[in-house]
Amino acid sequence: CDFDRDVGQDACLKELADVAGRGASEEKRLAILRMGVASAKADGEVEEAERAFLARAAQALGLQLSQAGL
């Protein structure tokens with residue numbers, strides 16, 4: 001269901017913003033983003049929806065997606 005996915009994504013992004021807001025180091029925030037990128041790459045391709053979410057995640061963490069190699 002799209003609603004469930006949207007709710008889950010919004011909750012995840014809120015948690016990421018909270019991590020960044022608590023002053024996590026850039027190294028820790030980048031490690032979190034890299035784990036997301038690795039998950040997206042696990043099946044051999046990164047779909048546009050995955051890339052879009054990762055871009056939003058990077059923004060929530062105060063980073064650029066390119067910093068995580070994507």
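**Figure 1. How much of the chain is buried?** Of the 70 residues in the chain, 23% are buried (buried means under 20% relative accessible area, exposed over 50%, and partly exposed in between, with a 1.4 Å probe and protein chains only). Please keep in mind that this is a predicted model, in which local features need pLDDT of at least 70 and side-chain atom pairs count only at pLDDT 80 or more, while totals for chains, interfaces and linings use all residues. Residues are numbered from 1 along each chain as its sequence is written, and side-chain values use heavy atoms, leaving out hydrogens and water.

**Figure 2. The whole chain, before we zoom in.** The chain has three helices and zero strands, in the order α-α-α from the N terminus on (helices are DSSP runs of H or I with at least four residues, strands are runs of E with at least two, and both are numbered from the N terminus). Along the principal axes, the C-alpha atoms fill a box of roughly 35 × 25 × 15 Å. Among contacts with a separation of 6 or more, 71% join residues 24 or more positions apart (contact means heavy atoms within 4.5 Å).

Figure 3. Side chains of opposite charge can pair when their charged atoms come close. Here Arg56 forms a salt bridge with Asp10, and their closest N and O atoms are 3.6 Å apart (a salt bridge is a side-chain nitrogen of Lys or Arg within 4 Å of a carboxyl oxygen of Asp or Glu). Arg56 belongs to helix H3 (residues 48-60) and Asp10 to helix H1 (residues 2-21), so the pair ties together parts that are 46 residues apart in sequence. Arg56 counts as partly exposed at 40% relative accessibility, and Asp10 counts as partly exposed at 44%.

**Figure 4. A salt bridge within helix H1.** A search of the whole structure finds two salt bridges, and one of them joins the side chains of Lys14 and Asp18, at 3.2 Å from N to O. Lys14 and Asp18 are four residues apart in helix H1, which means that about one helical turn separates them. Asp18 is partly exposed, with 28% relative accessibility.

**Figure 5. Val19 and its contacts.** Val19 is part of helix H1. Which residues does Val19 touch, not counting residues up to four places away in sequence? They are Ala24, Ile32 and Leu61. Val19 and Arg29 are ten residues apart along the chain, and 7.7 Å separates their C-alpha atoms.

**Figure 6. Gly8, another residue of helix H1.** Gly8 lies in helix H1 and is partly exposed, its relative accessible area being 38%. Follow the chain for twelve residues from Gly8 to Ala20, and the C-alpha atoms of the two are separated by 19 Å.

**Figure 7. Ala40, a buried residue of helix H2.** Ala40 sits in helix H2 (residues 26-41). Is Ala40 buried or exposed? Ala40 counts as buried because its relative accessibility is 6%. Setting aside residues up to four places away in sequence, Ala40 touches Glu45, Val46, Glu50 and Leu54. Leu61 is 21 residues from Ala40 in sequence and 17 Å from Ala40 in space, C-alpha to C-alpha.

**Figure 8. Lys41 and the residues it meets.** Lys41 is also found in helix H2. With 42% relative accessibility, Lys41 counts as partly exposed. Apart from neighbours within four places in sequence, Lys41 is in contact with Val46, Gly69 and Leu70. Lys41 and Leu70 are 29 residues apart along the chain, with 9.7 Å between their C-alpha atoms.
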